[in-house]
Amino acid sequence: MTIFKNMERMRIEHNMTREALARKLGVTPAQLRSWEIGREPIPSDRLIAMADLFGCSIDFLLGRSSRMEYVISFAS
């Protein structure tokens, strides 16, 4: 899968609308849609934020790994 499909998949699996995810990432829904369809590249800081939000690795979002590889946070 491509990053665009993985991003959309994770958003849907987390029961988030495009508007809700955009708000959490601090962008407009139109900007998020541009990323989902591959019109514009995703800035690295937003990619990191998405991986943190979804609890998965950046490699999964990028399509470099087929496993979700959930991240375990040790932050208190």
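Where is the place of threonine 17? Let's start there and tour this predicted model in a handful of close-ups.

**View 1. Threonine 17 and asparagine 15 in the loop between α1 and α2.** Threonine 17 sits in the loop between α1 and α2, and asparagine 15 is found in that loop too. Threonine 17 is partly exposed, with a relative accessible area of 43%, while asparagine 15 counts as exposed at 72% relative accessibility. Take a moment over the backbone of asparagine 15: its phi is positive, about 50 degrees, although the residue is not a glycine. Most residues other than glycine have a negative phi.

**View 2. Helix α2 and what covers it.** In α2, the buried residues are Ala20, Leu21, Ala22 and Leu25. Their cover includes α1, α3 (29-36) and α4 (44-54). After α2 comes glycine 26, which has a positive phi near 75 degrees. Helix α2 (residues 18-25) is also where confidence is highest, at a mean pLDDT of 94, whereas helix α1 (residues 3-13) has the lowest, at 85. Over the chain, the average pLDDT is 84, and 86% of the residues score at least 70.

**View 3. The largest nonpolar core.** This core holds 18 residues, and those touching the most other members are Leu25, Leu32, Trp35, Ile42, Met50, Phe54 and Leu61. Two or more residues come from each of α1, α2, α3, α4 and α5, with α4 giving the most, 4 residues. Zoom in on leucine 25 and you will find contacts with Leu32, Trp35, Arg46, Ala49 and Met50, leaving aside residues up to four places away in sequence.

View 4. Glutamate 36 and arginine 18 form a salt bridge, with their closest N and O atoms 2.8 Å apart. Because glutamate 36 lies in helix α3 and arginine 18 in helix α2, the pair ties together parts that are 18 residues apart in sequence. Widen the view and both belong to a network of salt bridges that links Glu8, Arg11, Arg18, Arg33 and Glu36.

**View 5. Two further salt bridges.** The whole structure has 7 salt bridges, and here are two of them. Arginine 46 meets aspartate 45 through their side chains, at 4.0 Å from N to O. Arginine 46 is partly exposed at 26% relative accessibility, as is aspartate 45, with a relative accessible area of 46%. In the other pair, arginine 64 bridges to aspartate 59, with the closest N and O atoms 3.5 Å apart. Arginine 64 counts as exposed, at 65% relative accessibility, and aspartate 59 is partly exposed, with 33% relative accessible area.

**View 6. A nonpolar patch on the surface.** Our last stop brings together Ile48, Ile58 and Leu62, a nonpolar surface patch with about 220 Å² of accessible area together. Isoleucine 58 belongs to helix α5 (residues 58-62) and is partly exposed, with a relative accessible area of 31%. In soluble globular proteins, nonpolar side chains tend to be buried together.

How values were computed:
Residues are numbered from 1 along each chain as its sequence is written. This is a predicted model: local features need pLDDT of at least 70, side-chain atom pairs count only at pLDDT 80 or more; totals for chains, interfaces and linings use all residues. Side-chain values use heavy atoms; hydrogens and water are left out. Patches are made of residues with over 30% relative accessible area and no salt bridge: like charges are joined within 9 Å, nonpolar side chains (Val, Leu, Ile, Met, Phe, Trp, Tyr) within 5 Å. Accessible areas come from the Shrake-Rupley method with a 1.4 Å probe; for residues, only the protein chains shown count as cover. Buried means under 20% relative accessible area, exposed over 50%, partly exposed in between (1.4 Å probe, protein chains only). pLDDT is the predictor's confidence in each residue, from 0 to 100. Contact means heavy atoms within 4.5 Å. A nonpolar core is a set of buried Ala, Val, Leu, Ile, Met, Phe, Trp, Tyr and Cys residues joined through side-chain atoms within 4.5 Å.
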